[in-house]
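Me: I'd like to learn how to read a helix residue and its surroundings in a model like this one. Could you walk me through it?

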Amino acid sequence: MLFRSDDVMNKQRESVYTLRREILEGKIRLSDEEVVDTRGYLLALAEDILDDRIDQFLGKDIEPEDWDLEAFKREASRIFGLEPEALDALELEEKTPDQIGDAVWAAAKKTFEEKEQLVGGELLQRVARDIMLQIVDQQWKDHLYSLDHLKEGIGLRGYGQRDPLVEYKKESFSLFQDMKSRIEEDIVRYLFHLRPMIGDEEP
């Protein structure tokens, strides 16, 4: 390779390892002012993802007649594990986007809190930590694999009068942002779908 990508890789590695350490310690920094535990991190991610899906399907920039409530409900079911019947019972068709977000969040949070009561908050936090670490590790491995492919092909861009290093930084940043989004969505999806086994219940 004709250009140095070490700085890019080191910054990304530092970001991932920092998140990993914070998850292990149970003190995750959401901002300079806000540090939360594993539960707080999960719920913050879940709220952000819900807001994102509201914007995507029912956003302020979309005309009401173009809202896609059915697609939003499918996403709510896929990510938060809410049954279609439970979503139908919320009568979302009669609500504004803000009210829809509030109703779906209340239902999703209620199902999560029921799991906490069933197995105990401390045990669920330990399970959540382990699942979060597995997701971070797997996504980081996949990201490194993607960067290897990017390095192999990026040198050819030089022949198109484009600076390979500039192209690499731009595309690796985009890949890194995609990885972070996958980590956050996978964490929420796995933990909201998690179904505790009680006694001799079959999986």
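Reply: Happy to! Helices here are DSSP runs of at least four residues, numbered from the N terminus. This is a predicted model, and in it Glu 75 sits in helix α3, which covers residues 69–80.

Me: Is Glu 75 buried or exposed?

Reply: The cut-off for buried is under 20% relative accessible area. Glu 75 has 16%, so it counts as buried.

Me: What does Glu 75 touch?

Reply: Beyond its neighbours within four places in sequence, Glu 75 contacts Arg 53, Phe 57 and Phe 80. Its side chain also makes a polar contact of 2.8 Å with the side chain of Arg 78.

Me: How do I read the pairing of the rings of Phe 80 and Phe 192?

Reply: Look at the angle between the planes: over 60 degrees counts as edge-to-face. The planes of Phe 80 and Phe 192 lie at 85°, with ring centres 5.4 Å apart, so this pair is edge-to-face. The pair joins distant parts of the chain, since Phe 80 is in helix α3 and Phe 192 in helix α7 (residues 164–193), 112 residues apart. Both Phe 80 and Phe 192 are buried, and together with Phe 112 they form one aromatic cluster.

Me: Which residues touch the most other members of the largest nonpolar core?

Reply: That core has 52 residues, and Phe 80 and Phe 192 are among those touching the most other members, along with Phe 72, Val 104, Ile 187 and Val 188. Helix α6 gives the most to this core, with 11 residues.

Key. Residues numbered from 1 in each chain as written. Predicted model: local features only at pLDDT ≥ 70, side-chain atom pairs only at ≥ 80, totals over all residues. Heavy atoms only, no water. Helix = DSSP H or I, 4+ residues; strand = E, 2+ residues; numbered from the N terminus. Buried < 20%, exposed > 50% of the residue type's maximum accessible area, 1.4 Å probe, protein only. Polar contact = N/O pair within 3.5 Å; in protein donor to acceptor, adjacent residues only side chain to side chain. Contact = heavy atoms within 4.5 Å. Phe/Tyr/Trp six-rings, centres within 6.5 Å; stacked < 30°, edge-to-face > 60°. Core = buried A, V, L, I, M, F, W, Y, C linked by side-chain atoms within 4.5 Å.
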